[in-house]
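Trainee: Could you take me through one part of this structure slowly? I would like a close look at the pocket and at the pieces around it.

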Amino acid sequence: MKNIFNTKTISLFLAFVIILSFTYIQPVCAADYSNITLTEEETELIASLVYHETKGEPLLSKMCFYAMILNRLKNENFPNDVRKVVYDCGAFDSAMKGKLSRLPSREEMKTELGALTTVIKNNVDPTCGALFTMKKDDPCLWEIMVLFTVEDRVFGIVT
């Protein structure tokens with residue numbers, strides 16, 4: 001039996017799900033990620049970060065997290081270097097705790113890369129410009145203006 005679930009099929013499926021979900025959840029915010037070029041090492045670093053930070057969360061949450069990282073790379077208030085964004089002092093627990101050296105499995109990495117590819121290739125930002133994320137129960141939540149919520153995770157900007 002032929003396996004129809006290859007990377008291209010999964011990417012197309014993810015794009016369809018995203019577009020369909022935005023139709024009912026919120027309008028799609030266009031983003032221009034064309035000026036962001038990631039090396040294989042940078043892509044794996046971001047994928048590892050998102051994997052560890054969003055473990056057990058839905059695909060939409062992962063896509064929002066990717067968009068937030070890309071938004072930081074484009075924003076003048078953040079470094080335009082992937083490693084500096086990822087390892088920014090105190091920004092992400094998994095980076096601070098040294099978890100990023102443990103890469104996701106091959107199958108998990110396919111999911112992560114599929115979500116990242118969907119965001120970049122379709123130039124969509126489900127967060128509409130978010131630069132920060134945190135859990136709803138975070139005591140610092142009052143510091144950001146919430147732009148998008150996925151289950152117990154919020155994405156926003158500093159007010």
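Mentor: Happy to! The largest pocket is lined by 20 residues, and those nearest its centre are Glu53, Ala91, Phe92, Thr133 and Met134. Keep in mind as you look that this is a predicted model. The volume of the largest pocket is about 500 Å³. Sorted by class, its lining holds nine charged, seven nonpolar and four polar residues.

Where does the lining of the largest pocket come from? At least two residues each are supplied by H2, helix H3 (59-74), helix H5 (93-96), strand E3 (132-135) and strand E5 (153-158). The largest share, four residues, comes from E3.

Let's follow E3 into its sheet. This is an open sheet of three strands in the order E3-E5-E4, and the pairing is antiparallel. E3 and strand E4 (144-150) are the edge strands, each pairing on one side only. On average, neighbouring strands of this sheet are turned by 35° against each other, direction ignored.

Now look at the individual pairings. E3 and E5 run antiparallel and are joined by four bridges. Met134, one of the residues nearest the centre of the largest pocket, has Val154 in E5 as its bridge partner. H3 packs on this sheet and touches E3, E4 and E5, with a direction that makes about 20° with that of E5.

On to the other pairing of E5. Six bridges join E5 to E4, and these two strands also run antiparallel. Here Val154 turns up again: Thr149 stands opposite Val154 in E5. The hairpin of E4 and E5 has two residues between the strands, and Glu151 takes a positive phi near 50° there.

Finally, go back to H2, which supplies at least two residues of the pocket lining, and see what else H2 meets. The axes of helix H2 (residues 40-53) and helix H6 (residues 106-122) come within 10 Å and cross at roughly 105°. By class, their contact has six nonpolar, three charged and one polar residue. On the H2 side you can find Thr43, Glu44, Ala47, Val50 and Tyr51, which meet Glu108, Met109, Glu112, Leu113 and Leu116 in H6.

Technical notes
Residues numbered from 1 in each chain as written. Predicted model: local features only at pLDDT ≥ 70, side-chain atom pairs only at ≥ 80, totals over all residues. Heavy atoms only, no water. Axes fitted to C-alpha atoms, helices over the stretch in contact; angles between N-to-C directions. Contact = heavy atoms within 4.5 Å. Nonpolar A, V, L, I, M, F, W, Y, C, P; charged D, E, K, R; others polar. 1 Å grid on protein atoms, 1.4 Å probe; cavity = no way out; pocket = protein on both sides within 12 Å on 5 of 7 lines; lining within 4 Å. Points joined across faces, edges and corners; volume = space filled by probe spheres on them. Pairing = 2+ DSSP bridges.
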